Protein chains: 2
Amino acid sequence: MVAGRLKRDAVGLFPAVVQQYDTGQVLMVGWMDDEALHRTLTTGRATYWSRSRREYWVKGDTSGHVQWVRSVALDCDGDTVLVQVDQVGPACHTGARSCFDGRELPAAQGSPAGPTRSASVARAAQRPDLAAVSATSTGAPDDDR
Amino acid sequence: MVAGRLKRDAVGLFPAVVQQYDTGQVLMVGWMDDEALHRTLTTGRATYWSRSRREYWVKGDTSGHVQWVRSVALDCDGDTVLVQVDQVGPACHTGARSCFDGRELPAAQGSPAGPTRSASVARAAQRPDLAAVSATSTGAPDDDR
């Protein structure tokens, strides 16, 4: 059984990565327990466990932003699933298509020649909410590797 | 600070979804704590916390299968990150490009007309290790919604 192959955290949950099946965009990460996965596999509707509300939620039941399941895969360690869906409308409660849209952190870009200051790091200097992150992440750009 | 915007589980970890930046393939899910994220953001090398070995690991340090960081984004809830990378070689310790390769579970496919039996469900009937899953997931294909 799939339940026997899954590892869960201390409260029985594992992350579900949700990806738009045709574009490849990562839309969100939800949390499932065995029952949520079972419902997802059998109903064709992505179903999660809400850690804040402590209840199952079928994505789209209240918003209409349904996730029609196309495929579900378990990873090699059995501790996460990848759910490919056809997302109706935005996946994010903010109205964004993806929960990651516009939320890039300032990151040095890696390459065999070493890290380089990315465009997002430069942009972050103009965003007060990311200024502290920028200071942290650019504080020691050259002291590694 | 990014640390103040992140939610963590009981042991201080959050999942990091790793995606090949150009193809969109989801390669793996790793786990980070604040320090692993800081290292990822500053070094350009994806760095995780190994829950089994209880140590930081820089992806590729032993295998050579480096993940060069292209971008990192926090999700709307601040409880997971999406790391876009340029993956050298296979991401999976099994030698597969992705940790999800060939690990599809039998899933009913959703559509406005209701769930349908997917090709993977049919295939699973011929795989003993998935037979129980198949029996579960196809046991009640019509009693929902």
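**Notes on the interface of chain A and chain B**

Trainee: Which residue does R51(A) form a salt bridge with, and how far apart are the closest N and O atoms?

Mentor: R51(A) forms a salt bridge with D79(B), and the closest N and O atoms of that pair are 2.7 Å apart. Please keep in mind that this is a predicted model, and that the count between chain A and chain B is two salt bridges.

Trainee: And how many residue pairs are in polar contact across the interface?

Mentor: Across the interface of chain A and chain B there are 16 residue pairs in polar contact, counting pairs in which both residues have pLDDT 80 or more. On the side of chain A that touches chain B, several elements supply at least two residues each, including α1 (2-5), β1 (14-20), β2 (26-32), α2 (34-43) and α4 (128-137).

Trainee: Which element gives the largest share of that side of chain A?

Mentor: That is β5(A), with seven residues. Taken by class, the residues of the side of chain A that touches chain B are 29 nonpolar, 15 polar and 12 charged.

Trainee: What area is buried there, and what share comes from carbon and sulfur?

Mentor: About 5000 Å² is buried between chain A and chain B, and carbon and sulfur atoms give 64% of that area. In chain A, the residues that lose the most area to chain B are C76(A), F100(A) and L105(A), which together make up 12% of what that side buries. In terms of contacts, 56 residues of chain A meet 56 residues of chain B.

Trainee: Switching to the sheet, what is the strand order?

Mentor: Five strands form an open sheet with mixed pairing, in the order β2(A)-β1(A)-β6(A)-β5(A)-β7(B). Its edge strands, each pairing on one side only, are β2 of chain A and β7 (104-105) of chain B. Within chain A, β1(A) and β6(A) pair in the parallel sense over five bridges, and A16(A) has V81(A) in β6(A) as its bridge partner.

Trainee: What about β7(A), where does that strand go?

Mentor: β7(A) is joined by two bridges to strand β5 (residues 67-74) of chain B, and the two run antiparallel. E104(A) stands opposite A73(B), which is in β5(B).

Trainee: New topic: what caps α2(A) at its N-terminal end?

Mentor: D33(A) does, with a side-chain oxygen that lies 3.2 Å from the backbone nitrogen of E35(A). Just after α2(A), G44(A) takes a positive phi of about 80°.

Trainee: Is L41(A) in that helix buried or exposed?

Mentor: L41(A) lies in helix α2 of chain A, and because its relative accessibility is 3%, under the 20% limit, L41(A) counts as buried. The buried residues of α2(A) also include A36(A), L37(A) and T40(A).

Trainee: Back to charges, which side chain does R45(B) meet in a salt bridge?

Mentor: R45(B) meets D61(B), at 2.9 Å from N to O. R45(B) is in the loop between α2 (34-43) and β3 (47-50) of chain B, and D61(B) is in the loop between β4 (55-58) and β5 of chain B, so this pair ties together parts that are 16 residues apart in sequence. R45(B) counts as buried at 3% relative accessibility, whereas D61(B) is exposed at 54%.

Trainee: How many salt bridges does the structure hold over all chains?

Mentor: Eight. Among them, E55(A) and R53(A) meet at 3.1 Å, N to O, and E55(B) and R53(B) meet at 3.2 Å, N to O. In chain A, E55(A) is partly exposed at 37%, and R53(A) is partly exposed at 47%.

Key: Residues are numbered from 1 along each chain as its sequence is written. Chains are lettered from A and ligands numbered from 1 in the order in which they are written. This is a predicted model: local features need pLDDT of at least 70, side-chain atom pairs count only at pLDDT 80 or more; totals for chains, interfaces and linings use all residues. Side-chain values use heavy atoms; hydrogens and water are left out. Contact means heavy atoms within 4.5 Å. Buried area is the accessible area (1.4 Å probe) that two parts lose on being put together, summed over both. A salt bridge is a side-chain nitrogen of Lys or Arg within 4 Å of a carboxyl oxygen of Asp or Glu. A polar contact is a pair of N or O atoms within 3.5 Å; within protein, one must be able to donate a hydrogen and the other to accept it, and residues adjacent in sequence count only if both atoms are side-chain atoms. Helices (H or I, at least four residues) and strands (E, at least two) are DSSP runs, numbered from the N terminus. Ala, Val, Leu, Ile, Met, Phe, Trp, Tyr, Cys and Pro count as nonpolar, Asp, Glu, Lys and Arg as charged, and the others, Gly among them, as polar. Two strands pair if DSSP finds at least two bridges between them. Buried means under 20% relative accessible area, exposed over 50%, partly exposed in between (1.4 Å probe, protein chains only).
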